[in-house]
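Here is a short report on one protein chain.

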Amino acid sequence: MQGGGSAYKFPGPGNLSTGKFIFPVRRGISRTAQWKQLFISRSAKSIFRSQWKRGHCVYSHSLSQSCATMSNLSPWAWAYGNEALSDVTIAFVPKGAAAAAKVSTRGRKRKAQEGVDDLQASNTIPGHRFLLATYSEYCNALFLRWAKGDEMVKLEYDDADDLAAAQACIKALYLQKLDVCDLLSEPRSAVPFLIKVIHWADMLQAPTCTELCIAGLADSFRPGSSEDINCMLMGLPDSVRFSPAFTKVQEVCQKWLQQTFSDVHEVITKDGLRKAFLQLCPQAVILWMKCDDLMGTENDVAFLVTRWHVGKQGKEATEKDLVALSRQLRVSQLSQSVRDCVLPELPWVREDYLLPVFATAFRRCGAAASKEITSLSISPSWSAPARVMKAREWFVWRVPVSAVTEMLEDVEEDCAEREHYSGEFYSDGATFRAYLELSSHRLNMKLYVYVLNESGHILDVSYCIKQSCPGRFGIDEDRVISEGLTLLDISSAIGGSVAGPTASLRTLLQEQLVDGHLVFKINVHPI
């Protein structure tokens with residue numbers, strides 16, 4: 001503001017301890033008239049004129065007891081909810097009631113309108129044009145064009161949560177900080193509530209409020225579920241998602257993803273973690289793949305993303321999302337059979353035409369393969385180092401002796417082969433199953449392991465199978481066996497004995513039983 005002396009500033013809360021608002025104004029200076037014209041509403045001018053004393057404009061007001069706690073707030077904190085100097089009323093009106101009022105809808109979606117019914121405007125806040133116009137570009141244009149002479153402006157809300165978010169946004173404009181009490185009063189997580197506040201700040205074009213909410217998301221409030229992550233990454237307005245401040249939100253989300261889904265093998269094998277991962281949006285999965293501290297093999301990562309892709313969230317991924325996912329996969333760390341046979345056929349993998357070129361370049365240049373072929377824009381992640389390795393427990397299969405005897409009895413009846421299958425088990429990027437086969441013509445039993453591959457891909461696997469047997473001094477001992485090796489030869493055990501096969505089997509099995517079970521330990525993985 002031009003004129004003699006320095007620019008005028010409203011006093012802070014320290015001037016309020018006396019119970020009066022004192023605005024020092026020098027008489028006879030042109031900026032006095034300008035100040036009164038700009039900052040004082042028509043209804044307040046008469047009060048100022050009547051209480052003009054000794055060069056000060058004194059306005060008495062009964063202060064709340066919270067003045068002492070406002071020293072760390074904005075100088076405007078005293079004005080929130082305060083009718084002193086209020087020259088406009090902010091009315092929060094349900095959208096349904098606004099439609100019934102049949103008023104003009106020209107302008108913005110939540111533009112100010114005249115003639116708001118008192119019943120509709122049951123939620124109101126005393127407002128101050130100068131403050132609202134200072135912190136909100138929307139309000140600035142509103143008071144200059146659409147509601148220049150209106151004493152009430154209307155903001156339409158959807159539901160109770162939206163109303164609370166709108167009121168918290170207006171409150172943040174006055175306090176210039178988030179009121180934690182508003183967030184803690186929410187029965188649900190604070191994250192969805194903050195997202196709603198950010199949407200209101202974006203609508204009001206109030207960047208300071210937006211920054212406060214983003215700082216709240218990044219510094220004070222942590223996501224508690226996959227839904228919170230999706231809200232933080234996909235629920236924000238575009239103006240926020242494409243701003244530099246969004247980097248803070250991404251960092252918080254990536255940290256949570258790293259902590260929650262760090263062990264890829266556990267995410268695949270544990271139902272609760274797998275269900276939570278499948279609910280992640282594409283942007284969250286991309287951030288997760290960028291984490292360097294994931295524990296597991298790259299086969300695990302490719303397997304989990306494939307499972308995610310066939311789910312609801314994966315089907316909603318755009319082509320751009322799939323390209324980003326493909327470029328975050330560490331192709332060089334995949335098993336050769338997975339890289340050569342499985343990867344090109346995965347439905348979510350893009351830029352697969354580059355895989356043969358990359359394979360050749362990687363054999364020649366190693367980790368520098370991406371830099372050697374700059375013309376093809378191969379992702380640096382394809383040649384990135386391996387993730388954090390972790391030793392895995394072997395799959396333990398306990399076969400009760402009753403299952404074996406039942407197999408033998410069935411063979412005796414119809415002279416056909418019988419199998420007994422294990423449950424599915426996961427290992428290093430593939431799902432396997434083991435089974436015992438009892439042959440009818442020789443009455444011998446063998447153990448086999450095979451990969452469950454719905455797509456029909458052929459995988460080369462490496463495996464080690466151990467069988468636990470009772471040892472000396474009651475300590476079990478493991479012996480290494482081979483797939484397809486004869487475990488029991490019933491025909492030689494029976495010989496010319498008069499006893500039936502079942503009785504002979506029990507005698508033969510007794511030496512291999514551990515707590516009434518045949519116990520096998522299996523370690524298998526693609527190569």
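## Strands around S10

In S11, Leu447 is the bridge partner of Leu436. This is a predicted model: local features need pLDDT of at least 70, side-chain atom pairs count only at pLDDT 80 or more, and totals for chains, interfaces and linings use all residues. Residues are numbered from 1 along each chain as its sequence is written, and side-chain values use heavy atoms, with hydrogens and water left out.

Helices (H or I, at least four residues) and strands (E, at least two) are DSSP runs, numbered from the N terminus. Two strands pair if DSSP finds at least two bridges between them. S10 covers residues 430-438. S11 covers residues 444-452 and runs antiparallel to S10, joined by eight bridges. S8 and S9 also pair with S10, as tabulated here.

| Strand pairing with S10 | Residues | Sense | Bridges |
|---|---|---|---|
| S8 | residues 418-421 | antiparallel | four |
| S9 | residues 425-427 | antiparallel | three |
| S11 | residues 444-452 | antiparallel | eight |

Tyr421 faces Tyr435 of S10. Phe425 stands opposite Phe432, again in S10. S9 and S10 make a hairpin, with two residues between them. Asp428 lies in that turn and has a positive phi of about 55 degrees.

How many of the nine residues of S10 are buried? Eight are, and the strand is mostly covered. Buried means under 20% relative accessible area, exposed over 50%, and partly exposed in between (1.4 Å probe, protein chains only).

## The S5-S4-S6 sheet

Three strands form an open sheet in the order S5-S4-S6, with mixed pairing. The edge strands are S5 (123-127) and S6 (152-157), and each pairs on one side only. From one strand to the next, the twist averages 25 degrees. S4 (residues 88-94) pairs with S6 in the parallel sense, over six bridges. Thr89 has Met152 in S6 as its bridge partner.

Helix H6 (residues 160-175) packs on this sheet and touches S4, S5 and S6. Contact means heavy atoms within 4.5 Å. The direction of H6 makes about 10 degrees with that of S5. Axes are lines fitted to C-alpha atoms, for helices over the stretch in contact, and angles run from 0 to 180 degrees between N-to-C directions.

Phe143 sits in helix H5 (residues 137-146). Why does Phe143 count as buried? Phe143 counts as buried because its relative accessibility is 8%. Leaving out residues up to four places away in sequence, Phe143 touches Val88, Arg129, Leu132, Ala133, Lys148 and Val153. Ala133 is 10 residues from Phe143 in sequence, and their C-alpha atoms are 7.6 Å apart.

Helix H15 (residues 282-289) is mostly covered: seven of its eight residues are buried. They are Pro282, Ala284, Val285, Ile286, Leu287, Trp288 and Met289.

## The chain as a whole

The protein chain holds 24 helices and 15 strands. Of its 527 residues, 46% are buried. Among contacts between residues at least 6 apart in sequence, 71% join residues at least 24 apart. The chain exposes about 27100 Å², and carbon and sulfur atoms supply 50% of it. Accessible areas come from the Shrake-Rupley method with a 1.4 Å probe; for residues, only the protein chains shown count as cover.
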